[in-house]
Amino acid sequence: MKLRYLLAALLLGGAQTVWAQTDVPATPAPATTPQTPTIILPPSAKHRGSLYFSWGYNRDWYARSDIRFQNQKTDNYDFTFVNAHASDHPSMSDFWKFKSLTIPQYDATLGYLFNDKHDLGIEVSWNHLKYVVDDNQIIHVRGNIRGHYIDKDTLVTPDFVHLQHTNGNNYLMVNLVKRQKLIVGKHLQLSAIGKIGGGPMISYTISTIFGSHQEGPFHYHGWVVGTSAGLKLDIYKYFFLQGDVQGAFADYTNTWIGADKVGRVTHVFTSAQAIYAFGFNVPL
């Protein structure tokens, strides 16, 4: 009996020893997959916009206006032309000569289109208009002339008063530009162009009052605001033709008159301007 228990104990111990020495193979760790480094590519180069320059010529039309003449320092007058008429002076006969490019009524513009989602731009324009109060017209004159009161229709000759901003009626304007593309082709693009802006008038006046003649110089005369709409035809991205119609409001506050430049002329008027121009684009 004791022998039986002894054999059973030996068998159980051996079995435990076998199980203890038998190792279950470990599951191998999964191989580490090499990770591809993340490459951050630079953003694709974007067309940042374009510079442009244009040169052209214009025709102008002016609303009638009241023009006041004053000098109570070296002379004695303070009178007003009521509803005076003025005209432009195109001077286009020799525009094709290089030395005569700036004699006619011309327009020069330098600008930048941002090429953003709003298709906006900004530009500086120099509009060289000409303004001539028509000689020998009958104008209602009201005010004081050397101690005499006048209030009647009067034939205004150059011996009495002559006034012209012909070198000229210059609008120096900073404009906000809006472009709307209408037709986009491979080599041609047609766009609608709108502008609004304003700035000073750096004008040059030629005038005579009671025989006292005065010319220039260029100086600040007042301010102008305006808006325009037109069409622009881009050709091969680098060239363009453009036509605009511009309306403006001009306020002359500092025009000199008389040889001693003591007299002053003040007037406000509206103008309409038709502009035709050609230009160059410089993509950036």
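Two aromatic rings of Phe, Tyr or Trp (for Trp, its six-membered ring) count as a pair if their centres lie within 6.5 Å. In this predicted model, local features need pLDDT of at least 70 and side-chain atom pairs count only at pLDDT 80 or more, whereas totals for chains, interfaces and linings use all residues. Residues are numbered from 1 along each chain as its sequence is written, and side-chain values use heavy atoms, with hydrogens and water left out.

By the ring criterion, 21 aromatic pairs are found in the structure. One aromatic cluster is made up of F69, Y77, F79, F81, F160 and F210.

Next comes the interior. A nonpolar core is a set of buried Ala, Val, Leu, Ile, Met, Phe, Trp, Tyr and Cys residues joined through side-chain atoms within 4.5 Å, where buried means under 20% relative accessible area with a 1.4 Å probe, protein chains only. The largest such core has 30 residues, and I67, F69, F79, F81, F160, V161 and Y171 have the most contacts inside it. Apart from it lies another core of 5 residues, including Y52, L113, I193 and F240. Over the whole chain, 39% of the 284 residues count as buried.

F69 touches (heavy atoms within 4.5 Å) residues that include Y77, V161, I209 and I257, leaving aside those up to four places away in sequence.

Note on methods: Buried < 20%, exposed > 50% of the residue type's maximum accessible area, 1.4 Å probe, protein only. Phe/Tyr/Trp six-rings, centres within 6.5 Å; stacked < 30°, edge-to-face > 60°.
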